[in-house]
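Colleague: Could you take me through this model with a few questions?

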Amino acid sequence: MNKSLSAPRSAEKPIPKARFGMRTRKLLADLATYAILIFGAIIMAGPFVWMIATAFKLPADQFTRTLIPNPATLENFQTLWDKLPFTTLIFNSLKIAVLSTIGQLLTCSMAAFVFAVVRFRGREFLFVLLLGTMLIPPQVTLVPNFILFRTLGILKYSPQMALWLPAFWGGAFGTFLLRQFFLTIPRDFAEAARVDGASLWGIFWKVYLPLAKPALAALAIFTFLWSWNDLLHPLIFLPADLDQTTLTVGLSLFQTQYAGRWTVMMAGALVSIAPVIVVFFLAQKQFIEGVAMSGVKK
Amino acid sequence: MILLVPTFIGLVFGTLGSIVATIILSFMKWDLISPPQFAGLDNYLGLLKDPLFLKSITVTVSFALLYVPGTMIISLGVALLLNRKLRGTGIFRSIYFLPVVSSAVAVGLVWSWIYAKDAGLLNYFITNLGGEPVNWLSTRNALYSVIIVNIWGAIGEGAIIFLAGLQAVPHDYHEAAQVDGATSWQRFLKITLPLLTPSIFFQTIIVTINAFQAFEYVYVLTRGANGASQIPTMVYSIWQNGFRWFNMGSASAQALVLAAFLIMLTLFYNQLQKRWVVYE
């Protein structure tokens, strides 16, 4: 914006009065922008602030409307860990999210590399077919996957596997995202490595993967978040048993058990989003660039 | 070529296999206990008479009609404001993005506390201003209240996509137009908006898909003691049929109806795209 404003300023130099008018107008526009952005920020951040404020209040103080808990207490967190296997819930969510992320990074990058670099018959057809599956809502696969995993005995012996195993058979979104990135890497790199005697796997592992770090980071973030925050799949595939299930399902079970006990519930909600928020503030750039990347590259 | 094996397995067994299996199951009656029975078109005919399913279509379509334009307009507005690149806009960008990374269950719990009829924050403000407390999650209001939460949760993502699109608009265009005496409103209509149409197109599809898959906030905010909701979306109805009542056939038929909706909408947008999306 600044850049575009500098041009007319020089054009209007002979009439200083108009320049002054423009400057006042810009100031008013800036103030209005701030006013709207601040109002929006209050609405966006408000629920988080209220969550934190309530989580640190004594249960008896839950209906006080103060933002600063007085006295502040950790009692609600104590209740969470006393009454529920909270550590197990966190561990389950973490395990599923980490395995899913590994699976997606590995299989999507492998497929993306082939689609971007290797020429073979039917490549375009296969790629378009893969992209076409993005049109199919994931809910279509719920029932057959449930029946498949049940028939294979996975739901009985290791239900969590039903959640992370599909991450190991690739995915249209991740493959597309990484392929677009791989295409920006000059082919000369691959040719040079081949002349040096590198195998296809070597080119993939030593040349392409290290160069694709930003795209891999974006995919890792998406997959981890998606898995950590997912409710529908664990609700369906995992038994409603607190030792097996994830944090999201645990919290929603909790909602019925602890109805009306808002301080404890807010403490639980806070615990479930705190790690994500911390990582978000540390790796903001990757988060935001990742989202922008997924939208622009199309 | 071994590198392609997992994806190939996923494509054949995971996705294409699932689709075929869902189609076959949609012609069966199966409760997972007794053996599956061929049912012909019964599941589909049953849907036409199933009040829950019919309601879920009304709910989902109304949801999309309000949620899609709401999310698009607000996130475009936010992106335009952030694109003025004033000092501190980075902080605003992060704050607006917070709901996108947060779990819908956790955030849904907070909203249920804010919406609570007797002691919720919203009714506290309203009664303090002299109003009557509102039952935000009653049958009449729940749809709107849940849509507000969904829009709130989606603004950040849309704003980032639009911001990336806005930053790709060349400065020269604006400078040239300004020299020619175009007002900022004219520049917005004639330069920014047309160049933003690819982002708008992409985001409309994403937001529409999200609208038709709405589940989590509905589940957290409106699920009653018996597992039913006053505003069942299509995915909610699939979940109830398939995984609470174990009507695998009916759930499969509903999933296919949902898929058909989404494919038709995407094709429809694609047709529109030819008319109004401007590619440089």
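Predicted model: local features only at pLDDT ≥ 70, side-chain atom pairs only at ≥ 80, totals over all residues.

Colleague: Which helix gives the largest share of the side of chain A that touches chain B?

Modeller: The contact between the chains takes 74 residues from chain A and 75 residues from chain B. On the side of chain A, 14 residues come from one helix, the largest share. That helix covers residues 16-55 of chain A and is helix α2.

Colleague: How many residues on that side of chain A are nonpolar, polar and charged?

Modeller: The side of chain A that touches chain B can be sorted by class.

Colleague: How many residues of domain 1 of chain A are in contact with domain 2 of chain A?

Modeller: Chain A is divided into domain 1, residues 2-55, and domain 2, residues 77-296. Their centres, taken over C-alpha atoms, are separated by 38 Å. Domain 2 of chain A brings 6 residues to the contact, and domain 1 of chain A brings 4.

Colleague: Which residues touch the most other members of the largest nonpolar core?

Modeller: This core has 142 residues. Its largest share, 15 residues, comes from helix α7 of chain B, residues 142-167. The residues asked for are F113(A), M266(A) and A269(A).

Colleague: Which residue of chain B does F113(A) touch, leaving aside residues up to four places away in sequence?

Modeller: Among the residues that F113(A) touches are F182(A), F204(A) and Y208(A), which belong to chain A. The contact in chain B is L3(B).

Key:
Residues numbered from 1 in each chain as written. Chains lettered and ligands numbered in written order. Contact = placed C-beta atoms within 7 Å. Helix = DSSP H or I, 4+ residues; strand = E, 2+ residues; numbered from the N terminus. Nonpolar A, V, L, I, M, F, W, Y, C, P; charged D, E, K, R; others polar. Domains from an automatic or database assignment. Core = buried A, V, L, I, M, F, W, Y, C linked by C-beta atoms within 7 Å. Buried ≥ 20, exposed ≤ 12 C-beta atoms within 10 Å, placed from the backbone.
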